[in-house]
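Colleague: I'm new to this one. Could you walk me through a few parts of it?

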Amino acid sequence: MSELTVKAEKLDAGDELAAKRAEFVLEGPEGGVYLDGNSLGALPVAVPGRVADVVGRQWGEMRIRSWTESGWWTAPERIGDRIAPLVGAAAGQIVVGDSTSVNVFKALVGAVRLAQESGTGRDEILVDATTFPTDGYIAGSAARMTGCTLRPVEPSEVPGALGERTAAVLLNHVDYRTGRLHDLPSLTAAVHAAGAYAVWDLCHSAGALPVGLDEHGVDLAVGCTYKYLNGGPGSPAYLYVRADLQERFDSPLPGWNSHAEPFGMRSDYTAAEGAVRGRVGTPDILSMLALEAALEVWDGVTVEAVRAKSLALTDFFLECVGTYVPEGRVECLTPLPHEERGSQVALRCADAGPVMQRLIERGVVGDFRHPDVLRFGFTPLYVGFADVERAARVLAEELG
């Protein structure tokens, strides 16, 4: 037994989150390791039974009565309040529904409209130049719609790029390729100092590390729920609008669900109060209630405990890779300082595609990002230290 195997056993024995592993379905090849929760989280064991009840009883037996008697109508805000503590937000500021892409559009156009209320000539949107492609596509469309110029900027260069023309800034909290954690507090403060509005994409941070939306005065934020929140494939995303901005938030997608009188069927639109005005159309109840069940795994868990284990897992993985993998075969793209690291490790590898395929065939599941990146995500609620040691050892065997 190697020293690192022994160390993994000791770390697992002292893991305060170890019991959470039993709340997930982790069946697979013998000795399998799932390190792709940053793409799709594992299935919580409570979800299948809940979905069966929603389909068989709430829909099958109660039918339309479930909109009121089963709480379907209030689900977007109720589940939003369940997500709120995981991103450092008070209740009443998050609504669940639609996709991340749709919510990015709502948030960014809404931010520009807030900035342009004063008529001060703010006609520029800054967007993270390293962003997930869809965010960039939507930012471009939002710019065309609002008469703004789109300016891609590296996150570290945002403070120097801000000016009197800046209306809004769209940034990712964690870079999806490298796992780099950007400085949300200081970047948000810089955006505000310039008189602009900050929109943050939390897809790769919510459920993995503290965000502090309220503490740091973030204006608007969006995120998916199928990664570290384990809501299931295509589970609904969410939109955060800071409480003091809600009255002024002018969504570019007003729908009957966000109307002050949704069943009044009026031809003129009057926005509802609070987070509700972030809604558009009829909620996707099946996937939304599956998400609600999935979020029960967070009962009794603090984000701080998750962050501590996340850093310990990624530290240990890097230690194992450094010990096992032949020198020169991989290059770590993920920052080593904790304050700059999310909950994934990205390794550059010349033949990354075939290597990842071989890893998956041996039960170590990560993912490949074109052209040469092996990406491993660490979900602290169900990944253990023995998993990490095995993944690094199998990687070394495939690269040896």
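This is a predicted model: local features need pLDDT of at least 70, side-chain atom pairs count only at pLDDT 80 or more; totals for chains, interfaces and linings use all residues.

Colleague: How far is the sulfur of C203 from the closest cysteine sulfur, and how many disulfides does the count come to?

Modeller: The closest cysteine sulfur to that of C203 sits in C224, 3.7 Å away, which is too far for a bond, because a disulfide needs the two sulfurs within 2.5 Å. C332 is partly exposed at 32% relative accessibility, and its sulfur is 13 Å from the one in C349, again too far. So by the 2.5 Å rule the count is zero disulfides.

Colleague: Which strands stand at the edges of the open sheet?

Modeller: Seven strands make up that sheet, with mixed pairing, in the order β4-β10-β9-β8-β7-β5-β6. A strand at the edge has a single partner, so one of its sides is left without a neighbour in the sheet. That describes β4 (94-96) and β6 (149-153).

Colleague: Which residue in β9 is the bridge partner of D201?

Modeller: Strands β8 (residues 197-201) and β9 (residues 220-223) run parallel, joined by three bridges. D201 has its bridge partner in β9, and that's V222.

Colleague: Within what arc do the buried residues of α11 fall?

Modeller: In α11 (residues 352-361), the buried ones are A352, V355, M356 and L359. Residues three or four places apart in an α-helix point the same way, because a turn takes 3.6 residues. Down the axis of α11, its buried residues line one face, so they fall within an arc of 95°.

Methods: Residues are numbered from 1 along each chain as its sequence is written. Side-chain values use heavy atoms; hydrogens and water are left out. Buried means under 20% relative accessible area, exposed over 50%, partly exposed in between (1.4 Å probe, protein chains only). Helices (H or I, at least four residues) and strands (E, at least two) are DSSP runs, numbered from the N terminus. The arc is that of the directions from the helix axis to the C-beta atoms. Two strands pair if DSSP finds at least two bridges between them.
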